[in-house]
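Have the sequence and the model at hand as you read.

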Amino acid sequence: MVNTRELILEILLEVIEKGSYSHLIIRNVLDKYQYLEKQERAFITRVAEGTIQTMIELDYIINQYSKVKVNNVPSIYSLYPPIYSIFLVAGDITAIDGYKL
């Protein structure tokens with residue numbers, strides 16, 4: 001059985017680290033795991049999209065108050081495990097592909 005939170009983390013890593021388009025990555029994952037129930041597929045989509053949306057909002061807020069703009073900070077998301085996805089996987093995943101959460 002596949003861990004949906006692990007799939008969400010993989011989507012977020014692909015989008016954040018590689019700059020891939022989220023809708024394409026989500027579609028690819030859902031196509032690959034067509035056997036998942038409709039609820040699980042909806043959960044994956046909503047959490048991945050919601051996390052990315054929240055990331056964009058947080059970046060905007062940081063840019064309003066910070067002297068150093070988020071897009072000028074070199075690879076801020078690679079400095080820490082993807083901050084925006086930690087709340088999704090806390091307690092469920094301890095290590096994926098070398099990432100220690």
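A contact here means heavy atoms within 4.5 Å. With that in mind, look at how the chain meets itself in this predicted model: of the contacts with a separation of 6 or more, 60% are accounted for by residues 24 or more positions apart.

The protein chain has 101 residues, and 33% of them are buried. Its accessible surface comes to about 7000 Å², with 55% of that belonging to carbon and sulfur atoms.

Now let's turn to one helix pair. Two packed helices are described by the angle between their axes and the distance between the axes. For helix 2 (residues 22-32) and helix 3 (residues 38-65), the axes come within 11 Å and cross at roughly 160°. Angles over 145 degrees count as roughly antiparallel, so helix 2 is roughly antiparallel to helix 3. The crossing of these two helices is right-handed.

Which residues make the contact? Helix 2 contributes Ser 22, Ile 26 and Leu 30, while helix 3 contributes Arg 41, Ile 44, Thr 45, Ala 48, Glu 49 and Ile 52. Sorted by class, the contact of helix 2 with helix 3 has 5 nonpolar, 2 polar and 2 charged residues.

Notes: Residues numbered from 1 in each chain as written. Predicted model: local features only at pLDDT ≥ 70, side-chain atom pairs only at ≥ 80, totals over all residues. Heavy atoms only, no water. Axes fitted to C-alpha atoms, helices over the stretch in contact; angles between N-to-C directions. Helix = DSSP H or I, 4+ residues; strand = E, 2+ residues; numbered from the N terminus. Parallel < 35°, antiparallel > 145°, perpendicular 65-115°, else oblique. Left-handed = near helix turned anticlockwise from the far one by under 90°. Nonpolar A, V, L, I, M, F, W, Y, C, P; charged D, E, K, R; others polar. Buried < 20%, exposed > 50% of the residue type's maximum accessible area, 1.4 Å probe, protein only. Areas by Shrake-Rupley, 256 points an atom, 1.4 Å probe, with all protein chains shown as cover.
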